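The following paragraphs examine charged pairs and a helix crossing in turn. Please keep the structure in view while reading.

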Amino acid sequence: MLRYNYKIFSYLMMFLFSMESFAIDEVLDLKLSSLSENDIALIYPVIIDSNADKIISTTPFSNDVIFLHHVEAESPARKELKSILGSYIKRTKALLNNIKKKKIFIENIALRNEIKSTLKTNKVFMEAAYEDFKYDQINTQVRYYTTKYNNKPVVITRSIDTLDTLDIDLVMSNPDNIIDTRLNRTGAIKRASVENVRSIARDIRSNHPSIRHLSAYVKSPILEENYRRMGFETSLYCN
C-alpha cells in the first residue's frame with residue numbers, strides 16, 4: 001500500500017515540478033471537534049444568471065462518497081468516477097487548446113494566464129487521481145468525495161485515511177466550471193468547494209468517529225481562503 005501511494009505522490013510531484021507556475025503552498029489542519037453543526041450545514045449553490053447576477057439556486061448540491069474497496073466490476077460508482085475523470089482530463093486538453101487558438105478569447109493577459117495555470121494544475125491532479133483507477137487495484141485507505149449540481153460533479157476530492165486524520169491531498173474541479181467562474185459566465189456554479197469540504201466533515205462526524213483531524217494540501221488561493229474561513233490553520237509541520 002505504501003508503494004502504491006508513493007507512486008501517486010511521485011507522479012504528482014514529477015508533473016508539478018515541470019510546471020512553470022509550481023510553488024509549494026500550504027498544508028492546513030483542522031480539528032473536527034472545533035466545528036459546530038452550523039459550520040458544516042448543507043449550503044446551496046450560487047449561480048451566475050443571464051444578467052451576470054449571483055443568485056442562490058433552489059436546487060441543492062448533492063454529495064457522494066466513493067470507496068475503492070471493490071474492483072470496478074463490483075462497483076458502479078467507481079466505474080462512473082473513472083469515466084468522469086477521464087472525460088474531464090480530455091475536456092481540459094480541449095479547453096487549453098481553444099484558449100491557445102483564441103477560440104476562447106480572454107483579453108486580459110493576466111487573467112488568461114491565471115486560467116491556463118489553474119486548468120493545467122487541475123489536469124495534473126486529475127491525472128494523478130486517475131492512477132487510482134488505471135490498474136483496478138483495491139485500496140482501503142483512499143476514498144473520493146464528489147459534490148454535484150444537477151447530477152454532474154463540480155468538485156472531486158481525493159482523501160487518504162491515516163488512522164486519526166483524513167488527508168485531503170487532491171481537490172479537482174469540473175474544467176468548464178473553472179472557466180465559467182473566472183469569466184463570470186452564465187451558469188457558473190459557485191460555493192461547490194465549500195460544500196465539498198463541509199460534506200467531508202459531515203461524513204467523518206457521522207461515519208468515522210475515530211478520525212479527529214482533517215489535513216489538506218492546498219495550491220489554489222481560493223481554496224485556501226475557503227478552508228481558512230472554515231477554521232483550517234497552517235499545519236505545525238510546515239513551521
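Does Asp136 count as buried, partly exposed or exposed, and at what relative accessibility? Asp136 counts as partly exposed, because its relative accessibility is 28%; buried means under 20% relative accessible area, exposed over 50%, and partly exposed in between, with a 1.4 Å probe and protein chains only. The model is predicted: local features need pLDDT of at least 70, side-chain atom pairs count only at pLDDT 80 or more, and totals for chains, interfaces and linings use all residues. Residues are numbered from 1 along each chain as its sequence is written, and side-chain values use heavy atoms, without hydrogens and water.

Asp136 meets Arg78 in a salt bridge at 3.7 Å, N to O, the term denoting a side-chain nitrogen of Lys or Arg within 4 Å of a carboxyl oxygen of Asp or Glu. This pair links distant parts of the chain, 58 residues apart: Asp136 lies in the loop between helix 3 (109-134) and strand 5, and Arg78 in helix 2 (residues 76-100). Helices (H or I, at least four residues) and strands (E, at least two) are DSSP runs, numbered from the N terminus. Arg78 is buried, with a relative accessible area of 0%.

A second pair joins Arg158 to Asp132, with the closest N and O atoms 2.6 Å apart. Arg158 belongs to strand 6 (residues 152-162) and Asp132 to helix 3. Arg158 is buried at 1% relative accessibility, and Asp132 is buried at 0%. Salt bridges with shared partners join Asp132, Arg158 and Asp169 into one network. The whole structure holds 15 salt bridges.

Elsewhere, helix 5 (residues 192-207) passes helix 6 (residues 221-230), their axes (lines fitted to C-alpha atoms over the stretch in contact, with angles from 0 to 180 degrees between N-to-C directions) coming within 10 Å and crossing at roughly 45°.
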